[in-house]
Amino acid sequence: MAGNFWQSSHCAQWVLDKADLARERTADHMALTEEEYNKIMIFYSSFIQVLGEQLKLRQQVIASATVFFKRFYAMNTLNCVDPLLLAPTCVFLSSKVEEFGVISNTRLINTCSTIIKNKFNYAFPSPFDFPYRANSILECEFYLLENMDCCLVVFQPYRPLVQYTQDLGQGLEESLLPLAWRIVNDSMRTDVCLLFPPFLIALACLHMASVILGKDLKIWFAELAVDMDKIQEISKHVLGLYELWKSYDEKKEIAAILAKMPKPKTQPSQN
């Protein structure tokens with residue numbers, strides 16, 4: 001991995017423009033509203049999170065898999081590859097990139113089947129079995145690598161977040177870090193990982209945590225040479241997610257949205 005974000009492929013190629021991102025999604029938005037599209041992304045981010053936890057992966061591995069998933073659909077429509085195939089493929093690739101070790105195909109497929117039956121059965125028609133096998137994941141991995149131009153370096157907000165909280169000192173690290181860390185996890189369900197550098201996401205999540213907990217960091221933020229408008233913009237994305245969650249019952253809504261989602265032309269049989 002490149003040691004310096006500013007010299008990495010993440011910085012050079014994968015901090016995207018909001019207008020470009022919206023343009024790439026035009027075809028999907030002909031079939032889905034923007035809110036429905038966001039709900040699909042939230043659902044599959046949660047799927048990756050649960051899959052990673054069941055496989056006992058580190059949060060860094062899960063976060064990189066989520067970024068790979070979002071990078072792919074930033075450049076491709078939903079009917080290009082079934083998200084249900086791409087999600088475990090991203091986990092499979094991320095575990096190797098983040099030097100966690102190769103997950104066996106059998107274990108990955110069995111875990112997908114288990115979490116669909118036990119955790120996400122409300123999202124799929126019953127009876128439903130995970131329809132993909134090892135060869136599909138391996139083939140999809142090549143397609144994913146090609147579409148990302150083999151840019152596998154992903155800088156995450158977690159490391160700068162830890163550094164910033166350590167810099168705060170004054171007993172603030174213990175109170176702010178756990179909440180800010182959870183907000184970073186939540187931010188993975190938005191587009192911020194595609195639109196902003198990770199150190200800004202870390203600062204925005206730290207700022208939100210300080211406001212929630214009533215800790216005054218104005219002087220500390222004033223000493224940073226950082227664009228506070230971008231911090232506010234990231235906060236708006238995350239607050240928009242929280243606002244959506246208030247009125248969104250995924251268990252009741254997601255099955256209909258997934259049924260409406262544009263599908264790849266060739267689907268594996270359910271027999």
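Author: A salt bridge is a side-chain nitrogen of Lys or Arg within 4 Å of a carboxyl oxygen of Asp or Glu, and the structure discussed here, which is a predicted model, holds eight of them.

Reader: Why is the pair of D191 and R25 called a salt bridge?

Author: The closest N and O atoms of D191 and R25 are 2.8 Å apart, and the cut-off is 4 Å, so the pair counts as a salt bridge.

Reader: What makes D191 count as buried or exposed?

Author: A residue is called buried when its relative accessible area is under 20%; D191 has 15%, and therefore it is buried.

Reader: How do you know whether E36 and K260 are buried, partly exposed or exposed?

Author: E36 has a relative accessible area of 17%, which is under 20%, so E36 is buried. K260 has 41%, which falls between the cut-offs of 20% and 50%, and therefore K260 is partly exposed. These two residues form a salt bridge in which the closest N and O atoms are 2.8 Å apart, and the pair links helix α4, which holds E36, to helix α15, which holds K260, across 224 residues.

Reader: What separates K246 and E243 along helix α14?

Author: K246 and E243 are three residues apart in helix α14, which means that about one helical turn separates them. In general, an α-helix has 3.6 residues a turn, so residues three or four places apart point the same way. The side chains of K246 and E243 meet in a salt bridge, with 3.4 Å from N to O. K246 has 67% relative accessibility, and because the cut-off for exposed is over 50%, K246 counts as exposed.

Reader: What makes the buried residues of α9 lie on the same side of that helix?

Author: The buried residues of α9 are Y158, P160, L161, Y164, T165 and L168. They cover an arc of only 160° around the axis, and so they sit on the same side of α9. The face turned away from this buried side carries the exposed residues R159 and D167.

Reader: Which helices are among those that cover the buried residues of α9?

Author: The cover includes α5, α10, α12 and α13. Just after α9 comes G169, which takes a positive phi of about 55°.

Conventions
Residues numbered from 1 in each chain as written. Predicted model: local features only at pLDDT ≥ 70, side-chain atom pairs only at ≥ 80, totals over all residues. Heavy atoms only, no water. Buried < 20%, exposed > 50% of the residue type's maximum accessible area, 1.4 Å probe, protein only. Helix = DSSP H or I, 4+ residues; strand = E, 2+ residues; numbered from the N terminus. Arc of directions from axis to C-beta. Contact = heavy atoms within 4.5 Å.
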